[in-house]
Amino acid sequence: MYKIAVIPGDGIGKEVMEATLHVLEAVDVEFDYTFADAGDEYMEKTGVALPQETVEIVKASQACLFGAAGESAADVIVKLRQELELYANIRPAKSYPGTKCLFDNVDFVIVRENTEGLYIGLEEESEEGATALRVTTRKAAERICKYAFEYAKKTGRKKVTAVHKANVLKKTDGLFRETFYQVAKDYPDMELDDRYVDATAMFFITRPEMFDVIVTTNLFGDILSDEAAGLAGGLGLAPSANVGEKIGLFEPVHGSAPDHAGKGTANPSAMILSAVLMLDYLEENDAARKLENALVEVLAEGKAVTGDLGGNASTMEMAVEVRKKLEE
Ligand code: ATP
Ligand code: MG
């Protein structure tokens, strides 16, 4: 029995969460859910977007499923990331059959360092203009590289690629690359290589099949993740995980999508795939594969799918179909 915090949040967050919880009932794993508030709607009622009570509920759980927060998304997620020390951001990119992808052979995962790099917010103005500080610590580089190798091992992936710009950023990315190869020594069976970020951006759209697991620093990971989401079917299908030492938070890449909210037209796939990431995180890998395969069948059939995928099923109708496949 896993203790899971559930934050449906705003807009389609609530609808894709309801759909995902319906599907999870048919997975062979027991969950004990605690529902918690955060987001715009809660803020309108109370004046705060993320109440301390929610932080405590999440801290007392093994994992958190998060739907979406509207305007307050940055506040809510940034604060949760800090409070829970979620140092790794995981964004898989996979082309599923029956979806509009640029390529049908994309299947890789980006593991992004989420606590330092160029995003520590240390900027300074001067006479001439402004500067920003870019930080790489041994500790954080080692932690994220280790996470990437462990993730690759657990999920049966074959290769880990470090992405950097060590030819220009000799000290910071030099250290990142050096640390990557040091950590790699503990994983002799894993294939590995390293690439420059600019070349990687090009290879995503020329030879995406060359990537399996990518580990990279904060800014590069941010940009490459969005490129990867564009490669592989868009927002309705893109899941993500934020992982720390003690807890993982799993959320779709999309936001509250006010244009779909309340209509039952949102695609639940990104949230369902976020639950797949949660199952992998809990080392329920068999259940994760079963859930993913059930969704893949529904996508491939292309019948009970939402409007963005060319069908006319509602969010819940699509979820009911995924659950049926699970129960078959
Ligand atoms: P927010 O401020 O909460 O991020 P947003 O208006 O930026 O809201 P997003 O959720 O980021 O909206 O999504 C951008 C667009 O992508 C939406 O307008 C919607 O049309 C589409 N979209 C996003 N998620 C889905 C989904 N699950 N199903 C269908 N369409 C989606
Ligand atoms: Mg948005």
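Guide: To start with a term, a residue is near a molecule or strand if its C-beta atom, placed from the backbone, lies within 6 Å of it. This is a predicted model, where local features need pLDDT of at least 70 and side-chain atom pairs count only at pLDDT 80 or more, while totals for chains, interfaces and linings use all residues. Residues are numbered from 1 along each chain as its sequence is written, and chains are lettered from A and ligands numbered from 1 in the order in which they are written.

Visitor: OK, which residues come nearest to ligand 1?
Guide: His 254, Gly 255, Ser 256, Ala 257 and Asn 267 do, out of 17 residues around ligand 1.

Visitor: And by class, what is in that shell?
Guide: There are 8 nonpolar, 7 polar and 2 charged residues around ligand 1. Ala, Val, Leu, Ile, Met, Phe, Trp, Tyr, Cys and Pro count as nonpolar, Asp, Glu, Lys and Arg as charged, and the others, Gly among them, as polar.

Visitor: New topic. How is the chain divided?
Guide: Into domain 1 (1-87 + 234-328) and domain 2 (102-231). The bounds come from an automatic or database domain assignment. The C-alpha centres of the two domains lie 25 Å apart.

Visitor: How many residues of each are in contact with the other domain?
Guide: 11 residues of domain 1 are in contact with 9 residues of domain 2; contact means C-beta atoms, placed from the backbone, within 7 Å. The domain 1 side has 5 nonpolar, 3 polar and 3 charged residues.

Visitor: How many residues has the largest nonpolar core?
Guide: It has 100 residues, and Cys 64, Val 111, Ala 148 and Val 213 are among those with the most contacts inside it. Such a core is a set of buried Ala, Val, Leu, Ile, Met, Phe, Trp, Tyr and Cys residues joined through C-beta atoms within 7 Å. Buried means that 20 or more other C-beta atoms lie within 10 Å of a residue's own, exposed means 12 or fewer, and partly exposed is in between, with C-beta atoms placed from the backbone.

Visitor: Where does the core lie?
Guide: Domain 1 and domain 2 both give residues to this core, so it lies between them.

Visitor: What is Val 213 in contact with?
Guide: Beyond its neighbours within four places in sequence, the list includes Phe 108, Val 111, Ala 148 and Tyr 151.

Visitor: Is strand β5 covered or open, and what does it pair with?
Guide: β5 (residues 107-113) is mostly covered, with 6 of its 7 residues buried. Strands are DSSP runs of E, at least two residues, and helices are runs of H or I, at least four, numbered from the N terminus. β5 pairs with strand β4 (residues 88-94) in the antiparallel sense over 7 bridges, and with strand β10 (residues 213-216) in the parallel sense over 4 bridges. To pair, two strands need at least two DSSP bridges between them.

Visitor: Which residues are bridge partners there?
Guide: Pro 92 has Val 109 of β5 as its partner, and Val 111 has Val 215 of β10.

Visitor: Last thing. What is phi at Glu 85 and Glu 283?
Guide: Glu 85, not a glycine, has a positive phi of about 50°, and phi of Glu 283 is near 60°. Glu 85 is in the loop between α4 (73-84) and β4 and is partly exposed, with 13 other C-beta atoms within 10 Å. Glu 283 is in the loop between α9 and α10 (285-301) and counts as exposed, with 10 C-beta neighbours inside 10 Å.

Technical notes: Two residues are in contact if their C-beta atoms, placed from the backbone, lie within 7 Å.
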